[in-house]
Amino acid sequence: MKITKIILSFISAVVILFSTSVTSFAKVVGDKIVLGAAISLTGKYSSNGVHTQNGYNMAVDRINSMGGVKVGGKTYKFEIIYYDDESNPKRAAQLAERLISQDGVEFMLGPYSSGLTKAIAPVTEKYGVPMVEANGASRSLFTKGYKYLFAVLAPANLYLDVAIDLAVEKNNGKPVTVAMAFEQDAFSQDVRLGVLDAIKRTGSKKVIDDKLPKELNDMAATLVKVKQMKPDVLVVSGHTKGALTAIRQIAEMKVDVPMLAMTHCDAAKLSKQHGKNSQYALCASQWHKTLTYKDNFFKDGMKYAADFEKEFGYDPPYQSAESSAALLVFKDAFERANSFDQKKVRDALAATNMQTFYGNIKFAEGGQNVDKPMVLFQVMCDGSGKCENKVVAPTKWASAKLIHPIPKWSER
Amino acid sequence: MDFMVFQYPMITVQACLDGLLLGILFALIAYGMALQWGVMNIINIAQGDLVILGGYIAYFMYLYGIHPAWGVIVSPIIMYFIGVGIYKLVINKVVDRDLFISILATFGISILFMQLMNFAFGADVVLANSGYGTTMLFDNNVTLPNSKIFSAVISIVFAIGLVIYMKKSKLGRAIRATAQNSRAAKILGVDTEKVYAATFGINAALCGVAGALISITFTIHPYMGLPYTIRSFMIVIVAGLGNLPGVAMSGMGLGVFEEFADYILGTEFRIGAVFLLLVLILVYRRFKLSRKREYLK
């Protein structure tokens, strides 16, 4: 009895030791290029974390099945090691350390959200590991002088400034009054800075500047003020809950405002689940499937959306599209560098200038993509109550004409 | 600071009405907390998470095409059994221990529930549309979403129903007896174990009702429970245990306080103001208590 106990505990000790000990992957094993990623598979970012992972996986499969990556006359395939960062920045930084120093990963993909990217960037920078990220848009990521961080998406301050320009344009070039309600996280505050810049540039005036709390579920006070002040534009940014709360309460309180501009509309599934209540809302988006950018792997947005839906069973949000684009950027850089030397790959990444189905990609000094404008779509509904997102700005990609001003609730 | 709320009388009216309707809902959650605190001497940190879980039940009914208002009936029934289950698994082991142990245990339940809900329902913020429309008052200057009125009415109905139940039914009398003196009740033949389980179940059922109402009026999310725990804790602290009119009054008072804090300090300090008020009240009560002690000396 005693002996079996001793043997059992010995075996479990050995098993535990093995499972925690270093399983060393080199950057390139045989014909595989191993990339590392800490992704939020649980915790508050888990939905978007899964969108990110699906985007990465989709691109890995596509690139591998279409010939892989050619470096030095040899063909390599992508493989990704994932860890769950539990939506926790500290954990994300630890996992980045682990990926690099234990798993030997030499190239990284980004996590989901600006906050987690901010936590990981100092680690990848310390080890000189090139990281292509697709889900951290906060401006502060690009002002720290990071050399190994590259983001395929446009920075947060460009999300909604277009909306102010659009409102001014619709007002015959005259300044407008703007009401703002922003959450206090890094991302939303960057969006706010962009809007403030646009207000200054156009000589417009802000009449309400409310800050929304993290545990927001009631913004009636802000909306009552909006009713009283009657601004030309109402701008709201507070992730999914900001978008949902705003849409619900604007409809319930019958708040009339000529233009309503928001972020995170597709993450909040506004057009699908909240139909007519969300009608006429203007939403900032990194990508929309109707954009006509092209590449050799996914062809274009429509094809990407169809393939994605076939594989994962839902319409791809932009978080997935930009994650797929990150892999295309890596492939392109490896082939141009024609080497797995981190410095050479980093320099190749910095010199990236390409078009993908997701948009043009060209990095500025700080690592942000400067060659891809944001798009604005508007939620439009037909007579039967079916609603769809249609791109209305920039005009180059517009598939519908902006409806402005938004009809009053009493006339709907 | 922004005193707009006092400059326009219509905004003042709006803020008061919004606050009252919200406060009635808070009072319902707080009533459940007061009940089990009084009977079992347990402060339930997982109160808010039970509320959110109740909200998810209504939300899933909505997803499957049933009107979420039916959640007000279905959710408390399911939540009652969940409550009894939690009691049998965890709470009955800590019910006679000191308050600290019960706080620790319910804190653990809270974390577990958050993670389980996140795992099962995803991390998206969701809501259930009731399609109830809006009531316009004072020449359309004051708007009251009918969903808020609905939730206040339902809360009042449930609260009154519970008061009558406590007064008239056998179990209600047993619960009250146990709250007054559990040992004496036991000696006189009350099955206190059963009473505890029922009390915890009733509390969970009340949370279920409140949760269904919250999914109709606001939004729900796996991690949004804590503010509801804090609010009900605070309402109970102000009102005292076993003081139902007090719970109702302090609930509505808190609702109005929150609305005004929202207008004056800004939405970002709304929950902060509640916390601050809680600290002030605790300090005040301690101060009062120490004066009483000195007087006794």
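Select helix H5 (residues 161-170) of chain A and helix H6 (residues 186-202) of chain A. A:Asp161, A:Ile164, A:Asp165 and A:Val168 in H5(A) meet A:Gly194, A:Val195, A:Asp197, A:Ala198, A:Ile199 and A:Thr202 in H6(A). Contact here means C-beta atoms, placed from the backbone, within 7 Å. Helices (H or I, at least four residues) and strands (E, at least two) are DSSP runs, numbered from the N terminus.

This is a predicted model: local features need pLDDT of at least 70, side-chain atom pairs count only at pLDDT 80 or more, and totals for chains, interfaces and linings use all residues. Residues are numbered from 1 along each chain as its sequence is written, while chains are lettered from A and ligands numbered from 1 in the order in which they are written.

Stay on the helix pair. The axes of H5(A) and H6(A) come within 8 Å and cross at roughly 30 degrees. Axes are lines fitted to C-alpha atoms, for helices over the stretch in contact, and angles run from 0 to 180 degrees between N-to-C directions. H5(A) and H6(A) are therefore roughly parallel (under 35 degrees; over 145 is roughly antiparallel, 65 to 115 roughly perpendicular, the rest oblique). Their crossing is right-handed (the near helix is turned clockwise from the far one by less than a right angle; anticlockwise is left-handed). By class, the contact has 5 nonpolar, 2 polar and 3 charged residues. Ala, Val, Leu, Ile, Met, Phe, Trp, Tyr, Cys and Pro count as nonpolar, Asp, Glu, Lys and Arg as charged, and the others, Gly among them, as polar.

Next, pick A:Lys206, in strand E9 (residues 205-212) of chain A. A:Lys206 is partly exposed, with 17 other C-beta atoms within 10 Å (20 or more would be buried, 12 or fewer exposed). Leaving out residues up to four places away in sequence, A:Lys206 touches A:Val178, A:Met180 and A:Ile199. A:Val178 is 28 residues away along the chain, yet the two C-alpha atoms are separated by 4.6 Å.

Now select strand E2 (residues 32-39) of chain A. 7 of its 8 residues are buried, so E2(A) is largely enclosed by the rest of the structure. Which strands pair with it? Pairing needs at least two DSSP bridges.

- Strand E1 (residues 28-29) of chain A pairs with E2(A) in the antiparallel sense over 2 bridges. A:Val28 stands opposite A:Ile33. The two strands form a hairpin with 2 residues between them, and A:Gly30 in the turn has a positive phi of about 60 degrees.
- Strand E4 (residues 74-84) of chain A runs parallel to E2(A), joined by 8 bridges. A:Lys32 has A:Lys77 as its bridge partner.
- Strand E5 (residues 107-109) of chain A pairs with E2(A) in the parallel sense over 2 bridges. Look for A:Leu35 opposite A:Phe107.

Move to chain B. Helix H3 (residues 47-63) and helix H5 (residues 99-121) of chain B pack at about 20 degrees, with axes 10 Å apart. That makes H3(B) roughly parallel to H5(B). The crossing of H3(B) and H5(B) is left-handed. Residues in the contact include B:Ile52 and B:Tyr56 of H3(B), and B:Phe113 and B:Met117 of H5(B).

Definitions and conventions: Contact = placed C-beta atoms within 7 Å.
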